[in-house]
Amino acid sequence: MPFTGPAEDRLAIRELIDAYADAVTMRDAEAWGSTWAEDSRWEMPDYPEFPPQNGRENIVALWQGAMEQYPGIMFEAWPGSIEIDGERATVRSYTAEVYDQDGNTVRDRGQYEDECVKIDGRWYFAKRSFRNIHKQIQPKGC
């Protein structure tokens, strides 16, 4: 079963995913950074220009630089599974992004494999690994 564990924890993790997505769309580095545990890890193997980062401070610094390449981004995310084991959870979520780049409209769809941790009653991302599923580029005027 892809959704296991207490309903209140599953809801809190869903809200974590939603807060992350909102912060991306709002381009709010402080809010986005607050979704990560202090000693977290972020990996994007399909994007070698963005090497894996350890620690919230390094992750946020990379994200701030990366966001310059994604003007006008609209980011959505939703869970495919949430499996809770005490204070830890394994989560799979999917994303849909739309943004302008080099005069084109780009639509990306991706998948996160996540590890979440509950610290002092609040859920955070401990590790996120992103893979691209599909990319569509539409030239402006089409």
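Which residue in strand 7 is the bridge partner of Val 106? In this predicted model, the partner of Val 106 is Ile 137, which belongs to strand 7. The pair is one point of reference in an open sheet that is built from seven strands, arranged in the order 1-4-5-6-7-2-3 and mixed in its pairing. At the edges of this sheet stand strand 1, covering residues 3–4, and strand 3, covering residues 53–54, each of which pairs on one side only.

Strand 6 and strand 7 run antiparallel to one another and are paired over 16 bridges. The two strands form a hairpin in which two residues lie between them, and Asp 120, located in the turn, has a positive phi of about 50°. A hairpin is likewise formed by strand 5 and strand 6, again with two residues between the strands, and here the turn contains Asp 102, with a positive phi of about 55°. Strand 5 and strand 6 are antiparallel and are joined by 14 bridges. Along this pairing, Ser 93 stands opposite Tyr 112 of strand 6, while Tyr 94 stands opposite Gln 111 of strand 6.

Turning to the helices, helix 1 consists of 20 residues and reaches 28 Å from its first C-alpha to its last, a span close to the 28 Å expected at 1.5 Å a residue. The buried residues of helix 1 are Asp 9, Ile 13, Leu 16, Ile 17, Tyr 20, Ala 21, Ala 23 and Val 24. These residues cover an arc of only 165° around the axis, and they are therefore placed on the same side of helix 1. On the face of helix 1 that is turned away from the buried side, the exposed residues Glu 8 and Met 26 are found. Helix 1 is followed by Arg 27, which has a positive phi, near 60°.

The largest nonpolar core comprises 35 residues, and those that touch the most other members are Ile 13, Tyr 20, Val 24, Trp 32 and Trp 42. At least two residues of this core are supplied by each of helix 1, helix 2, strand 2, helix 3, strand 4, strand 5, strand 6 and strand 7. Helix 1 gives the most to the core, contributing seven residues. For Trp 42, when neighbours within four places in sequence are left aside, the residues in contact include Tyr 20, Trp 32, Trp 36, Pro 52, Ile 59, Trp 63, Tyr 112 and Arg 128.

Eight salt bridges are counted in the model. In one of these, the side chains of Glu 38 and Arg 56 meet at 3.0 Å, N to O. Because Glu 38 lies in strand 2 (residues 36–43) and Arg 56 in helix 3 (residues 56–66), the pair ties together parts that are 18 residues apart in sequence. Glu 38 is exposed, with a relative accessible area of 53%, whereas Arg 56 is partly exposed at 24%.

A further salt bridge is formed by Lys 127 and Glu 43, whose closest N and O atoms are 3.8 Å apart. Lys 127 lies in strand 7 (residues 122–139) and Glu 43 in strand 2, so this pair ties together parts that are 84 residues apart in sequence. Lys 127 is partly exposed, its relative accessible area being 26%, whereas Glu 43 counts as buried at 16% relative accessibility. Both residues also take part, together with Arg 41, in a network of salt bridges.

Asp 108 and Lys 135 form another salt bridge, with 3.9 Å between the closest N and O atoms. This pair links distant parts of the chain, given that Asp 108 is in strand 6 (residues 104–119) and Lys 135 is in strand 7, 27 residues apart. Asp 108 counts as buried because its relative accessibility is 2%, whereas Lys 135 is partly exposed, with a relative accessible area of 39%.

Finally, Ala 61 is found in helix 3 and is partly exposed, with a relative accessible area of 48%. From C-alpha to C-alpha, Ala 61 and Phe 130 are 17 Å apart in space, and they are 69 residues apart in sequence.

Terms used. Residues numbered from 1 in each chain as written. Predicted model: local features only at pLDDT ≥ 70, side-chain atom pairs only at ≥ 80, totals over all residues. Heavy atoms only, no water. Salt bridge = Lys/Arg side-chain N within 4 Å of Asp/Glu carboxyl O. Helix = DSSP H or I, 4+ residues; strand = E, 2+ residues; numbered from the N terminus. Buried < 20%, exposed > 50% of the residue type's maximum accessible area, 1.4 Å probe, protein only. Core = buried A, V, L, I, M, F, W, Y, C linked by side-chain atoms within 4.5 Å. Contact = heavy atoms within 4.5 Å. Expected span 1.5 Å × (residues − 1). Arc of directions from axis to C-beta. Pairing = 2+ DSSP bridges.
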